[in-house]
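The sequence and the coordinates come first.

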Amino acid sequence: MKRYKIAVIEGDGIGREVVPEGLRVLESAGRRYDIGFTWKHFDWSCETYLKTGRMMPEDGLEQLRAFDAIYLGAVGYPGVPDHISLWGLLIPIRRAFSQYVNLRPIKLLEGIETPVKNFKAGEIDFCIVRENNEGEYSEVGGRLFRNSDAELAVQETVFTRRGCDRIMRYAFELAQKRNKHVTSATKSNGIVFTMPFWDERFAVIAGEFPDVKTDHFHIDILSAHFVRHPDWFDVVVGSNLFGDILSDLGAAVVGSMGLAPSANLNPEREYPSMFEPVHGSAPDIAGKGIANPVAQIWSGAMMLQHLGEVDASRSVEKAISIVLARSDPRTPDIGGKASTRDLGEAIATEVLAVPARR
Ligand code: GGG
């Protein structure tokens, strides 16, 4: 039996409710495919910050380094400013472990109602490849003349040739395994230095992949196309901020934030990669036991895929689609009355029943 050491960070809010369902389903896949997991739980959260002044201990990254992967829930809670919680946990992990790819599949599943009319299951199926280490999320900047009329804030965007090239290459290589089409999210008409540079690098990297069709759209019209023509896309590559915004929009288009998984990947495998739902901690529904666990469970399937457990990964994805195709159980975000646990248990049970292999 192959055994994996996984660091588990439930984090805040609904992270604490959906992660246990993700673990339940992974355990189920492990039983079915003879995979063992050693889970190590880390209580790193806003609550920890309020007690200790830190989201994670000073040697937190060192503690995580030895794991095969990190399985994370959600970060952020009222009482701790969002930039403190994000920059105290999620962003240092993404950067220290060179997780420069944030892969976010967007897929319309059978049984799920989309707010975008006239699309059926399977007709919306694309991946957002978000640059995850630089761009608009930079620490370059500052504040001057605080608490005066002259107060100002400056934030620099940082695009490097290395950073652009590697994320674009990843997007093209992914497209080669899919429908051979990459769309670039840009705004080079308004953002006059970084975005023309992004476009230049996109043209250069596209030249390395003559078999892949390309197009590019400014982020404003691209957002409109996501709503009106979500079937146009195969792989969409965007900067850190654009990729983040587009993935929430994509999740909404396929029915719920609760259905959008993600993988923060270090493609070279020098460091552990991290798997988390796109959604945040959702304080408005936290504690009610009604959060949709599918994004977390699906992120677990992405983790299995990354670990090389392809059959197990497919069985989890298949179980998700089989359960969601039924009318019950469903959490309230997708039109039902079921609890987080009801849906998690149904998927865990289905993993044991789906036909083995492809
Ligand atoms: N599931 C992870 C989480 O809590 N994400 C919330 C969030 O705001 N993330 C910001 C980002 O991905 O840049």
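Leaving aside its neighbours within four places in sequence, with which residues is Ala325 in contact? With that exclusion, Ala325 is in contact with Glu110 and Gly111, where contact means heavy atoms within 4.5 Å. The model is a predicted one, in which local features need pLDDT of at least 70 and side-chain atom pairs count only at pLDDT 80 or more, while totals for chains, interfaces and linings use all residues. Residues are numbered from 1 along each chain as its sequence is written, and side-chain values use heavy atoms, with hydrogens and water left out.

Ala325 belongs to helix α10 (residues 310-325), helices (H or I, at least four residues) and strands (E, at least two) being DSSP runs numbered from the N terminus. Ala325 is partly exposed, with a relative accessible area of 37%; buried means under 20% relative accessible area, exposed over 50%, and partly exposed in between (1.4 Å probe, protein chains only). Ala69, by contrast, sits in strand β3 (residues 69-74) and is buried at a relative accessible area of 0%. Beyond its neighbours within four places in sequence, Ala69 is in contact with Lys5, Ile6, Ala7, Pro272, Ser273, Phe275 and Met303.

| Pair | Separation in sequence | C-alpha to C-alpha distance |
|---|---|---|
| Ala325 and Ala121 | 204 residues | 9.9 Å |
| Ala69 and Tyr4 | 65 residues | 8.2 Å |

**Cores and domains**

The largest nonpolar core has 83 residues, of which Ile6, Leu103 and Val129 touch the most other members; such a core is a set of buried Ala, Val, Leu, Ile, Met, Phe, Trp, Tyr and Cys residues joined through side-chain atoms within 4.5 Å. Helix α5 (residues 161-177) gives the most to this core, with eight residues. Because domain 1 (1-100 + 261-358) and domain 2 (125-253) both give residues to this core, it lies between them; the domain bounds come from an automatic or database domain assignment. The C-alpha centres of domain 1 and domain 2 lie 25 Å apart, and their contact takes twelve residues from domain 1 and 14 residues from domain 2. With neighbours within four places in sequence set aside, the contacts of Ile6 include Phe37, Trp39, Phe67, Ala69, Met303 and Leu307. A second, separate core of 18 residues includes Phe42, Cys46, Leu64 and Phe97.

**A helix pair**

The axes of α5 and helix α6 (residues 194-207) come within 9 Å and cross at roughly 45°, the axes being lines fitted to C-alpha atoms, for helices over the stretch in contact, with angles running from 0 to 180 degrees between N-to-C directions. That angle makes α5 oblique to α6, since angles under 35 degrees count as roughly parallel, over 145 as roughly antiparallel, 65 to 115 as roughly perpendicular and the rest as oblique. Among the residues making the contact are Cys164, Ile167, Met168 and Phe172 of α5 and Phe197, Trp198, Phe202 and Ile205 of α6.

**Backbone exceptions**

Most residues other than glycine have a negative phi, and most peptide bonds are trans. Ser98, in the loop between α4 (82-96) and β4 (101-107), has a positive phi of about 45° although it is not a glycine, and at 13% relative accessibility Ser98 counts as buried. Asn118, in the loop between β4 and β5 (125-131), likewise has a positive phi, of about 70°, but Asn118 is exposed, with a relative accessible area of 75%. The peptide bond from Asp328 to Pro329 is cis, with omega near 0°, and Pro329 is found in the loop between α10 and α11 (340-353).
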